[in-house]
Amino acid sequence: DDNPFGGMPTLREAPVTERPQLFQKKLQSCSIVYDFNATTHVKEKESKRQTLLEIVEYVNNTRNCFNEGMMQDVVAMVSANIFRTLPPVHKNPNALFDNEEDEPPLEIAWPHLQIVYEFFLRFVVSNDVDPKIAKRFIDHTFMLKLLDLFDSEDPRERDYLKTILHRIYGKFMPLRSFIRKAIQNLFFKIIYESDTHNGIAELLEILGSIINGFALPVKEEHQVMLEKSLIPLHKVRTLNSFHQQLAYCMAQYAEKDPRLAPMIIHGTLRLWPATNTPKEVLFLNEVEEILELTQPPEFVKIQDRLFRRISKCIMSPHFQVAERVLFLWNNDYIVKLINSNRQVLFPIVVGALYKNSKHHWNGTVHGLTYNVLKLLMEADPTLFDECSAKHRDAGNQDPADDEERKKKWDKLATVFTEKTGKPAPGMPKPTGTAG
């Protein structure tokens, strides 16, 4: 019988003294990998699946089953099964957003892989596994290969990887700095080279939990990670697939140390999408979340630049952008920040609000605009009247400016015609001029 699993008794049947040796033998047998694309070895594949289930049950019910020699076999078996070249990603490179309705391609070898991941998770969390010994096998090379697997298209696999990596980070203290740097390097590759990756959301979820545990004051290296690798992720094309997790990381930083809020807001403004409205709405959601965590002294540092952007969003012809930005005035804390700095901020937004009230095509935006104008008027009637008067004066000057501009163009056109004998480009031919 060629079946490597055929001649072995079950662990439950074997005498207690022989079980460790049999467990080791079964571990080594499970290192054999079968090709699920082929229809061969059907019996062996099923025997391996049953053996994997058996060793999971064994480690669940047996104390002290992981000695040093066994650890080496565990890591060798797990490595043989999970470390592989992932198939190429099949995605439309021109799609602005991932089509979430598309079913992700599932890993064909999942009947084996799932149990291997489950077994490895039990190994990592086991009290019998001393990280001081296990770190000889779960080393830097192993961790880099594990991180590579996050690009798997199968969400079930990424979910296991997320849990396992998080547990390793918690248990193996000497690996923590290396794991953070390796994730950072992976983000650099996504930002500056590949622009797509399947596991960004899962990695950010792990980082969100890590950031939550940072001690105060936040170390320089953690601030560098925020500035150099997390904020630039906002420019990645597939932002919508991981924005929720990225925004959570941003909020964790701002909550941990409010002095970092200006860095986050300035970074967001620097990468603001000019022509992608769904992305703009995501940015506005995040801005509101960060502003809620911003202290008044930090708000003053960002108010001018931020509200010039908010003013542009108010006048956006896309109703979802205009609607979303006007909803900022529904947030009591943000309204309080605005009113505290109204001498600077009212003059920036009043003009945009008046233009909306006259020219915006959307009824809901009109209603929201009038509500915001009413709020500003109630907050400081005198300042509001001053800003309104200035806006009207600026509007009244417009026809005179247009007339002045037209005179200058006419003058230039006349000079051009006199010198060349031809009509100025874009101007009608002067009467009486030969064709």
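The model is predicted: local features need pLDDT of at least 70 and side-chain atom pairs count only at pLDDT 80 or more, while totals for chains, interfaces and linings use all residues. Residues are numbered from 1 along each chain as its sequence is written, and side-chain values use heavy atoms, with hydrogens and water left out.

Of the 27 residues lining the second largest pocket, Arg-84, Thr-85, Pro-87, Glu-107 and Ile-108 are the closest to its centre. A pocket is an open set of points, on a 1 Å grid over the protein atoms alone, where a 1.4 Å probe fits, with protein on both sides within 12 Å along at least five of seven lines; lining residues have an atom within 4 Å of a point. The lining comprises 12 nonpolar, 7 polar and 8 charged residues (Ala, Val, Leu, Ile, Met, Phe, Trp, Tyr, Cys and Pro count as nonpolar, Asp, Glu, Lys and Arg as charged, and the others, Gly among them, as polar).

Helix α3 (residues 68–82) and helix α4 (residues 110–125) have axes that come within 10 Å and cross at roughly 150°. α3 is therefore roughly antiparallel to α4 (the term applies to angles over 145 degrees). Helices are DSSP runs (H or I, at least four residues), numbered from the N terminus. Axes are lines fitted to C-alpha atoms over the stretch in contact, and angles run from 0 to 180 degrees between N-to-C directions. The crossing of α3 with α4 is left-handed (the near helix is turned anticlockwise from the far one by less than a right angle). Residues of α3 including Met-71, Val-74 and Ile-82 meet residues of α4 including Leu-113, Tyr-117 and Phe-123, where contact means heavy atoms within 4.5 Å. This contact has 12 nonpolar residues, 1 polar residue and no charged residues.

Helix α17 (residues 342–359) packs against helix α18 (residues 363–379) at an angle of about 145°, with the axes 10 Å apart. Their crossing is left-handed. Among the residues that meet are Arg-342, Phe-346 and Lys-358 in α17 and Val-365, His-366 and Ala-379 in α18. By class, the contact of α17 with α18 has 10 nonpolar, 4 polar and 2 charged residues.

Two loops hold backbone features. Leu-216 and Pro-217 are joined by a cis peptide bond, with omega about -5°; Pro-217 lies in the loop between α9 (200–212) and α10 (220–230). Asn-64, in the loop between α2 (42–61) and α3, has phi near 55°, a positive value in a residue other than glycine.

Conventions: Parallel < 35°, antiparallel > 145°, perpendicular 65-115°, else oblique.
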